[in-house]
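Please look through the structure below before reading on.

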Amino acid sequence: MRILHIGYRLPPEPGGKELYIERLVREQVRRGHDVIVAHRRGAPLQGTTTLRLPPVRASRIVSLKSDEIAFAMECAKALPRTRGLDVVHLHGDHREALVLGPATRRLGIPLVLHVHGALTTLHRPIMPWAFRHVGGFIVSGTRPRGDLLGVGVPDRLIHMMPSGVELGHLARFRGSAPIQRGLIVSVGSLVKVKNHELTIEAFHRVRAARPDTRLVIAGDGPERDRLRRLADAGPGIEFLGQIPSDQVYALVSRADAFVHSSRRLRTIGEGIPTAPLEALALGTAVLVSSEASLDPAVPPAAYRVFRSRTDLVTQLHAVMDDEVARLQMIEKGVEAAADLDWRLVAERIEQVYEKVIARDAAALAAT
């Protein structure tokens, strides 16, 4: 199969969506597919062809308002020169779909739109028009699915697909070092949507009752200075900055608990975040905010959900006080992660491609 992935950013640019694209593409190349990738930022992906983007005069003006839309315009212009495509896999939202939907329709190429997080609460009136040429949607959780249903996308076009995890690689870290009692870890870019502020404030309250606890945060971003000031209100918090993945895995595998506090904002929200899934596979007790639920990819018994700062404090105490319950959570979490290996996820995505291709062919034959 010849697949074109369109994603504005790729690693080493930070972000879960960027890592998702890289790992999915790697698996598709391993499975023998011919993969082409279009991107604006980041590095080319090994084993793929990079789509050369021609200049578009209007895109230079549009980029002053939205470089993502300008990028989509350049991708649309490059499509006619890209022969033999079986499917276009667009990682984005209504902005890119508004441009690329008509372009793929004119060329008869099936379009799959991968919505990695919650849709913005802005621009809802134009979304049905933007999505009219999308043959299928991939979403990573119940929230983006609900958002799509809310703007009129038929349920039959929506395919639930959480992020994959590199099980074989993660298994090397699980149990490789003793658990450091009292170690709480959070991983994610230092941006508002990740809501590290809540984690820090909850930790100060936990630390007041448990002086042996400490919080380690891995990640970097524009909120760094503000979060450091919040952390300075008490001892026990360490910021590691952006560190290599293997160092993150080694850290998380030693933690007593992993916390993911992300929240929904007007313009952004998460689907099913990758970091907690990896923490489950690493054999760590996972606590996730109610605005970043792992449903339906992970059964509720495999992790705990908190709804406020006070609730997080309570949940952290419970996890660190009840070793039996913590070990049961870990066992169920490892079991749940076993169904998320990238090989399995890539197979499911291929099945989505096949359904969309067949649906488009049937629609064409009927005209």
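How many bridges join strand β1 to β4? Five bridges join β1 (residues 2-7) to β4, and the two strands run parallel; strands pair if DSSP finds at least two bridges between them. This is a predicted model, in which local features need pLDDT of at least 70, side-chain atom pairs count only at pLDDT 80 or more, and totals for chains, interfaces and linings use all residues. Residues are numbered from 1 along each chain as its sequence is written, and side-chain values use heavy atoms, with hydrogens and water left out.

Strands (E, at least two residues) and helices (H or I, at least four) are DSSP runs, numbered from the N terminus. Five of the five residues of β4 are buried, that is, under 20% relative accessible area (1.4 Å probe, protein chains only). Val87, His89 and His91 cover one side, and Val88 and Leu90 the other.

Elsewhere, six strands form an open sheet with parallel pairing, in the order β11-β10-β9-β12-β14-β15. Strands β11 (237-241) and β15 (304-306) stand at its edges, each with a single partner strand, so one side of each has no neighbour in the sheet. Inside this order, β9 (residues 183-187) and β10 (residues 214-218) pair over five parallel bridges, with Ile184 opposite Leu215 in β10.

Technical notes: Buried means under 20% relative accessible area, exposed over 50%, partly exposed in between (1.4 Å probe, protein chains only).
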